[in-house]
Amino acid sequence: MEIKSYQDQAELFVKEYLLSDSVIPYTSVICGICACMMVYDITQLFCNVYFKSYPSLSKIKQIEWSNRSISTFHAIFIAIMSLYFVFWSDLYSDHQYADLVAFRSSALSTFTLGVSVGYFLVDLGMIIWFYPFLGGMEYVVHHLLAVAAVAYSMLTGEGQLYTFMVLISETTTPGINLRWYLDTAGMKRSRAYLINGVVIFVAWLVARIILFVYLFYHVYLHYDQVKQLNTYGRLLIVVVPLVLSVMNLMWFGKIIKGMRKTLAKRK
């Protein structure tokens, strides 16, 4: 009976405090930060045991290796959740609810965005701390925009649909990281490296270019709702994706150049 009583009290505490609507944003960010720290530590332990080349890497390479495992973990999580909310969930359907789609949110959607904010804060902190070894100024700008947009959407519940559309672009991250792992492992001339490059090209084209066109088209169709957001909300929904679109096109150009060089070397 005592165990049952403690269990009931614990469930009540989680429901009423840790997962209450007013606390979810902060709880989820902490969960995201803790998850990143766990993945980082587990990666170091796992790689030291099962990857013979890992201990021979320089200290900064080992840090980048573990950092990329964090971004891969986050990318898989947020891509799955974003695809669910955008394409399968009824939360943002035009036919299910009477309220405006630009203002819809749920406990799960808010929690998901909070986990993502936690990741971006951790990754941004590491990029700044080890600057410029984990990324240049474009990564700092990218993460600052991401934190501002995702945190705003999480805290206000506004524009969450468009935030998830942008976060679908994280589907390209595992491929980018795998490319770095293969290069670091000396497998740049392998078939796996070539296939991964083709997958990155297709994924980037779909998730970071075509999908952004769809995002702006959706904003255009629902602009009567979007314009009801406050100025900051409209800025984040329109301007941030626009800036990211330009950055995506620039990076896409680099991907094309990289593919050409790889194909030329194999001839």
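Does Arg68 count as buried or exposed, and at what relative accessibility? At 17% relative accessibility, Arg68 counts as buried (under 20% relative accessible area is buried, over 50% exposed, in between partly exposed; 1.4 Å probe, protein chains only).

The model is predicted; local features need pLDDT of at least 70, side-chain atom pairs count only at pLDDT 80 or more, and totals for chains, interfaces and linings use all residues. Residues are numbered from 1 along each chain as its sequence is written, and side-chain values use heavy atoms, with hydrogens and water left out.

The whole structure holds 1 salt bridge (a side-chain nitrogen of Lys or Arg within 4 Å of a carboxyl oxygen of Asp or Glu). Arg68 pairs with Glu64, with 3.0 Å between the closest N and O atoms. Both lie in helix α3 (residues 59-88), 4 residues apart, or about one helical turn. Helices are DSSP runs (H or I, at least four residues), numbered from the N terminus. Glu64 is buried at 10% relative accessible area.

The search also finds 3 cavities of 30 Å³ or more. On a 1 Å grid over the protein atoms alone, a cavity is a set of points where a 1.4 Å probe fits but cannot get out; lining residues have an atom within 4 Å of a point. The largest cavity has a volume of about 250 Å³, taken as the space filled by probe spheres set on the points. It is lined by 25 residues, and Ala149, Thr163, Val166, Val240 and Leu244 are the closest to its centre. At least two lining residues come from each of α5 (137-156), α6 (160-167), α8 (191-221) and α10 (231-266).

Technical notes. On a 1 Å grid over the protein atoms alone, a cavity is a set of points where a 1.4 Å probe fits but cannot get out, and a pocket is an open set with protein on both sides within 12 Å along at least five of seven lines; lining residues have an atom within 4 Å of a point.
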